[in-house]
Amino acid sequence: MKIHNKHIIAWLERCSVYMSEQQDFLTNLDRDIGDADHGLNMNRGFTAVEAILPEIERQHIGNILKNTGMKLLSSVGGASGPLYGTLFIRASAAVGVRTELSFAEWLDCLQEGISAVVARGKAEQGDKTLCDVWVPVLHAAKVNLQSGMSESELLRTMEQDAVTAVNNTINMQAKKGRASYLGARSVGHQDPGATSSWLMIKAMQEGFTE
Ligand code: ADP
Ligand code: MG
Ligand code: MG
């Protein structure tokens with residue numbers, strides 16, 4: 001499987017659908033351990049991204065990701081806006097002017113993006129953040145690709161791994177972001193940002209294979 005513009009666009013469109021459908025769910029998770037705006041933030045961001053897709057859909061992959069990241073940065077706000085913005089902008093820098101990527105190259109770009117998010121947000125594994133989804137999911141995806149798993153199976157596995165990773169955040173105590181103000185009271189709640197990251201990975205699986 002080669003990744004082309006149309007795959008990235010299909011992914012972003014599905015992200016927009018999910019953030020809109022799951023807006024209340026994400027906001028309610030954030031009500032428990034934050035300030036009840038994560039769904040609003042993500043829906044605002046991906047609605048803004050969806051609006052620019054007609055203008056950018058024929059550009060090379062790097063530009064699509066960069067424009068997406070800039071839109072998220074300027075419209076999501078909160079802690080998650082700069083972090084998701086960084087994910088896309090740094091992934092775009094790794095892609096450059098390409099219009100086609102192998103699946104391995106695509107995983108490398110996402111890895112670059114998430115490494116920049118970790119550097120910026122300083123979240124370690126187990127801190128109950130969106131990094132607790134992306135880091136293990138990308139790590140497992142790389143191992144699975146090297147062991148010869150088919151790309152469609154790999155995408156399905158990424159989504160399943162993301163579900164597990166989100167569930168794992170429930171028992172974590174938050175060490176970063178607003179939820180960390182709650183201390184031990186943050187335990188027992190699913191992290192909102194980890195949940196929106198799972199939705200993005202689910203959207204990738206569907207968008208890439210539709
Ligand atoms: P805010 O907390 O500013 O209202 P959001 O509600 O949109 O922002 O996003 C909250 C989510 O951001 C959290 O659930 C968590 O996953 C993520 N997050 C917060 N701080 C960090 C960080 N330092 N590194 C990674 N992710 C973080
Ligand atoms: Mg919030
Ligand atoms: Mg907020």
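# Exercises on a predicted model

Ala-174 sits in the loop between α8 (151–169) and α9 (192–209). Keep in mind as you work that this is a predicted model.

**Exercise 1. Work out whether Ala-174 is buried or exposed, and find which residues it touches.**

Step 1. Start with the relative accessibility of Ala-174, which is 3%. Buried means under 20%, so Ala-174 counts as buried.

Step 2. Now look for its partners, skipping residues up to four places away in sequence. Ala-174 touches Asp-127, Lys-128, Ala-179, Ser-180 and Ser-186.

Step 3. Check a C-alpha distance too: Ala-174 and Gly-126 are 48 residues apart along the chain, yet their C-alpha atoms are separated by 8.0 Å.

**Exercise 2. Take Lys-122 and Lys-128 and describe the loop, the phi angle and the accessibility of each.**

Step 1. Read the backbone. Lys-122 has a phi near 60°, a positive value in a residue other than glycine. For Lys-128, phi is about 65°, again positive although the residue is not a glycine.

Step 2. Turn to accessibility. Lys-122 has a relative accessible area of 56%; exposed means over 50%, so Lys-122 is exposed. Lys-128 comes in at 1%, so this lysine is buried.

**Exercise 3. Find the donors of the magnesium ions (ligand 2 and ligand 3), and say which residue bridges the two.**

Step 1. Go to ligand 2. This magnesium ion is coordinated by OD atoms of Asp-30, Asp-35 and Asp-37, at 2.0 to 2.2 Å. Along the sequence, those donors follow the spacing D-x4-D-x1-D.

Step 2. Do likewise for ligand 3. Here the magnesium ion is coordinated by Asp-35 (OD) and Asp-37 (OD), at 2.0 to 2.2 Å.

Step 3. Pick out the bridge. Asp-35 bridges the magnesium ions (ligand 2 and ligand 3), which lie 3.5 Å apart.

Step 4. Asp-35, at 31%, counts as partly exposed, and Asp-37 is partly exposed at 21%.

**Exercise 4. Zoom out: describe the fold of the protein chain and decide why it counts as compact.**

Step 1. Tally the secondary structure: 9 helices and 2 strands. Read along the sequence, the pattern is β-α-α-α-α-α-β-α-α-α-α.

Step 2. Compare the radius of gyration with the rule. The protein chain comes out at 16 Å, close to the 17 Å that the globule rule gives for 210 residues, so it is as compact as a globular protein of that length. Along its principal axes, the C-alpha trace spans about 45 × 40 × 30 Å.

Step 3. Buried residues make up 50% of the 210 residues. Of the contacts with a separation of 6 or more, 71% are between residues 24 or more positions apart.

Step 4. End with surface and charge. The accessible surface is about 9,100 Å², with 49% belonging to carbon and sulfur atoms. There are 20 positive and 24 negative side chains, and the centres of the two sets lie 5 Å apart.

Notes: Residues are numbered from 1 along each chain as its sequence is written. Chains are lettered from A and ligands numbered from 1 in the order in which they are written. This is a predicted model: local features need pLDDT of at least 70, side-chain atom pairs count only at pLDDT 80 or more; totals for chains, interfaces and linings use all residues. Side-chain values use heavy atoms; hydrogens and water are left out. Donors are N, O and S atoms within 2.8 Å of the metal (3.2 Å for Na, K and Ca); water is not among the atoms, so sites may look incomplete. Buried means under 20% relative accessible area, exposed over 50%, partly exposed in between (1.4 Å probe, protein chains only). Helices (H or I, at least four residues) and strands (E, at least two) are DSSP runs, numbered from the N terminus. The radius of gyration is taken over C-alpha atoms; the globule rule is 2.2 Å times the number of residues to the power 0.38. Contact means heavy atoms within 4.5 Å. Accessible areas come from the Shrake-Rupley method with a 1.4 Å probe; for residues, only the protein chains shown count as cover. Lys and Arg count as positive and Asp and Glu as negative; His and the chain ends are not counted. The place of a charge is taken as NZ of Lys, CZ of Arg, CG of Asp or CD of Glu.
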